[in-house]
Amino acid sequence: MPVTYHAEHAWIGGTVVAGVVIEVAGGRVSGVRTGVATPPPGVTVLRGLTLPGLANAHSHAFHRALRGIAQRGSGTFWTWRDTMYDVAGRLDPGTYLDLATAVYAEMALAGITCVGEFHYLHHAPGGTPYAGQNAMGEALIEAAARAGIRITLLDTCYLSAGFGAPPERHQLRFSDGDAAAWAVRAGELKERPHARIGAAVHSVRAVPADQIATVAEWAAGRAAPLHVHLSEQPAENEACLAAHGRTPAALLAERGALGPRTSAVHATHLTGDDIALLGGSATTVCMCPTTERDLADGIGPAADLAAAGSPISLGSDSHAVIDLFEEARAVELDERLRTLRRGHWNAAALLRAATEDGHASLGWPEAGRIEAGAPADFVTVALDSVRTAGPPPSLGAETAVFAASAADVRHVVVNGRPIVRDGAHLLVTDVPGELSRTITHLTAQL
């Protein structure tokens, strides 16, 4: 049934436009009319700034259970990882469905309409497959449906604990044994209207070099997105150089794993040659600033990568925070800290990273814009909250990126259907309660 929305202000073609009528039919935008100051009778009014739906290009849903817990005390990425493994070991398909539904509902409340789930929690503890080999992945796909958002399930190949090392105890449930077995299992996953399937190489330390091409070819044969954690830690670079005499980026290039369908996640510790490889191959780079600073990973060279030719996307990764406005502004603000200079990214470029380029990296290239033919996915941000009040609506993009937070999201529409109205989720009625219930169960005695 056709539906019509009237946006008080909307981000159209890279600029803020006042009085926009958005007509929706069959889950897609069927028409856009601008300059309509007064809402026509019978339309749904969206007060504030309406943006294309946000794309969270890198998520580990179960990491949400670590929020607060992982911030106790001190340590490194590697000590944080031990706590993460403890939580991973407590999940099964039922508990993962409950947790992911609540996490994806939190994302919807933050204006996220599509998530890229970097999924490697495949089997039961100890590595025994479930009766349905993709039970955990199916739980994530169902969770996205229950929360009302789209998902790209990035089924992840994860085979070793490090270069030449077998999986450790906690990692056994991640592994299919080899890439050929991974490909068979991943090939059983089916796409749905709200769900697309992609692939991931967990990292060059977790997939032997001679098996990276198997994953890349699987993705290429399906024209599917391929994601990979890249150079998140200096230790990974050092180990890769010792094992293969080249950096992780060079190893991926050698094995055919870079290119326009690939997204390199983090890309924090790169050489100049690495940047040239990524940019020259048009590999997208997914920046996850709130996680990178939470784990003391470092500040990646996002501006240099973009200048070299890499599109930039954004992810909330470990979900220390779920707020893509915070991720977007952190790309610019962290760059200021790194270079002692302002003005690397304007609001329009950061919004593109959060929307159009993020959706493209997840295999939804038709999404991320408010225009005829695009999926009817959009989010309205308040321009009258304590954070956003004051600037004129013409600076709505700057206000959204550099001042707003997830708490300023008022309405979310996915596939033409309202998912969030007046800041309340319409499908998961008590998101904080669901998060509390599931996380308390998982983290008891941690």
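In helix α11, which spans residues 324-339, Glu326 and Arg329 are three residues apart, so about one helical turn separates them. Their side chains meet in a salt bridge, with N to O at 3.1 Å. Before I go on: this is a predicted model.

Are Glu326 and Arg329 buried or exposed? Both Glu326 and Arg329 are buried.

Now a second pair in a helix. Glu142 and Arg146 sit in helix α3, residues 135-147, and they are four residues apart, again about one turn of the helix. Here too there is a salt bridge between the side chains, at 3.0 Å from N to O. The setting is as follows. Glu142 has 35% relative accessibility and so counts as partly exposed. Arg146 has a relative accessible area of 41%, which also makes Arg146 partly exposed.

Asp357 forms a salt bridge with Arg352, and the closest N and O atoms are 3.1 Å apart. Asp357 is buried, at 15% relative accessible area, whereas Arg352 is partly exposed, at 42%. Which residues are joined with Asp357 and Arg352 through shared partners? The network also takes in Glu356, Arg369 and Glu371.

On to the sheet. The structure has an open sheet of eight strands, and reading across, the order is β3-β2-β1-β4-β13-β14-β15-β16. The pairing is mixed. The edge positions belong to β3, residues 28-33, and β16, residues 424-425. Each of these has a single partner strand, so one side of each has no neighbour in the sheet.

As a reminder, strands of a sheet pair through backbone hydrogen bonds, in either a parallel or an antiparallel sense. We have an example of each. For the parallel case, take β1, residues 3-12, and β4, residues 44-52, which pair over five bridges. Within that pairing, Tyr5 has Thr44 of β4 as its bridge partner.

For the antiparallel case, take β2, residues 15-25, which pairs with β3 over five bridges. There, Glu23 is bridged to Gly31 in β3. β2 and β3 form a hairpin with two residues between them. What is the phi of Gly26, in the turn? The angle is positive, about 60°.

That covers the salt bridges and the sheet.

Conventions. Residues are numbered from 1 along each chain as its sequence is written. This is a predicted model: local features need pLDDT of at least 70, side-chain atom pairs count only at pLDDT 80 or more; totals for chains, interfaces and linings use all residues. Side-chain values use heavy atoms; hydrogens and water are left out. Two strands pair if DSSP finds at least two bridges between them. A salt bridge is a side-chain nitrogen of Lys or Arg within 4 Å of a carboxyl oxygen of Asp or Glu. Buried means under 20% relative accessible area, exposed over 50%, partly exposed in between (1.4 Å probe, protein chains only).
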